[in-house]
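Please load the model in your viewer and keep the sequence panel open beside it.

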Amino acid sequence: MKDLNIIKEKTIGILGGGQLGKMLCEAAFDLGYKTMVLDANKDACARQKADYFIEASYDDKNALEKLAKNTCLITYEFEHIPSETIKILEDFGANIPQGARPLYLSQDRIREKEALKKINIPTVPYYKVLTYDDLEKYTKILGFPVILKTSRGGYDGKGQCFIKDIKDLKAVKLENITYVLEKAIDIKYEVSCIAIRAKNKEIELFPIVRNVHKNAILNISQVPSPLSEDLEKKIKSYSKDIIEKLDFIGPLAIEYFIAKDLKIYFNEMAPRPHNSGHFTLDACNVSQFELHLRSILGLELKRPKLLRKVLMQNILGEDKKSIENLKSDKNTKVYLYGKGAWRKGRKMGHINILGDFVK
Ligand code: ADP
Ligand code: MG
């Protein structure tokens, strides 16, 4: 690190160096800021765009001190950051506008659902499971099919087990950790909404996205969503309520299920940019990354506007061959994250396919 050249007032610290971190670095550059990214993986893809990169784990005090002392504020691109990390950074004098609470709530599925219930947002029916007896008892109450999820650490469908009948139930082997058992919703649509709340408490919402998953990994996002005006209104009102009542600053990506009977259920949330928000890079007047940074920097927010209809498609490891000859043009924007090994199920990039202009 070229320590002597760092201008603290113009340098943003980012915890996590994945593709979201990389795109935050690009947005920071456009706003005239430099970035310092901390990640334990020396090949973290954000390193390509970060001005400074600290290769260290989230409990490395020397590294955290460096990050705290050389940045005007710190944000995160990943919700599974230990709260201890935030505490250490704050002890070193770091400015973390979002604080630790959004991480604390969103990194544990049970904690998250409890918080949402308290503010009267309908969650998927669920029970906490610690033992096999719990599992049997609550499966009986919820009725097949159910989904068992590790309460912590899961993403892209990892740590989840779909239980459709008694045979599946008997095959479950529990580890000595906390699980959440959820009713499997008969889903008509999955949607998400990215809300942003500024330091002055102003809130903006990005357009609602319809998400189609494949093997529990996001495949396609569609904007505008096919939801009725009434459903869109309800989702927007829930999203505004959630970020306001939880009193969060920064971005909050919220996922919902719409059941066949059109009931809305909160699924999960993440206090960071979201895969389903990548359409904003090309189809909106402002990207989710720019608005994230504006909200925590205390810059004026922009009101998100959809300029063009859009489909976002993820590029996974197994898509290597099929995207080889794909090039960007005025209606197709291809993004590759530069992540190294093309492993099955790994998010390697995405494509924004732009349609008609929106009046
Ligand atoms: P993560 O995205 O962190 O892996 P999710 O809880 O969002 O975890 O689950 C991933 C996907 O699995 C969801 O987008 C949805 O397609 C499916 N899924 C998860 N929970 C349920 C549920 N209770 N009912 C129906 N489908 C579900
Ligand atoms: Mg999810």
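Select E182 together with ligand 1: in this predicted model, a polar side-chain atom of E182 lies 2.9 Å from a nitrogen atom of the ligand, a polar contact being a pair of N or O atoms within 3.5 Å. Taken alone ligand 1 exposes 540 Å², and the protein buries 90% of that (accessible areas by the Shrake-Rupley method with a 1.4 Å probe).

Residues are numbered from 1 along each chain as its sequence is written, while chains are lettered from A and ligands numbered from 1 in the order in which they are written. Local features need pLDDT of at least 70, side-chain atom pairs count only at pLDDT 80 or more, totals for chains, interfaces and linings use all residues, and side-chain values use heavy atoms, with hydrogens and water left out.

Now select the whole shell, meaning residues with a heavy atom within 4 Å of the ligand: 21 residues surround ligand 1, and the closest are K149, G157, E190, N267 and E268. By class, the shell holds 8 nonpolar, 5 polar and 8 charged residues, with Gly counted as polar.

Finally, colour by domain, using bounds from an automatic or database domain assignment: domain 1 (2-96), domain 2 (125-183) and domain 3 (187-357). The shell around ligand 1 draws at least three residues from each of domain 2 and domain 3, and the C-alpha centres of domain 1 and domain 2 lie 36 Å apart.

Methods
Polar contact = N/O pair within 3.5 Å; in protein donor to acceptor, adjacent residues only side chain to side chain.
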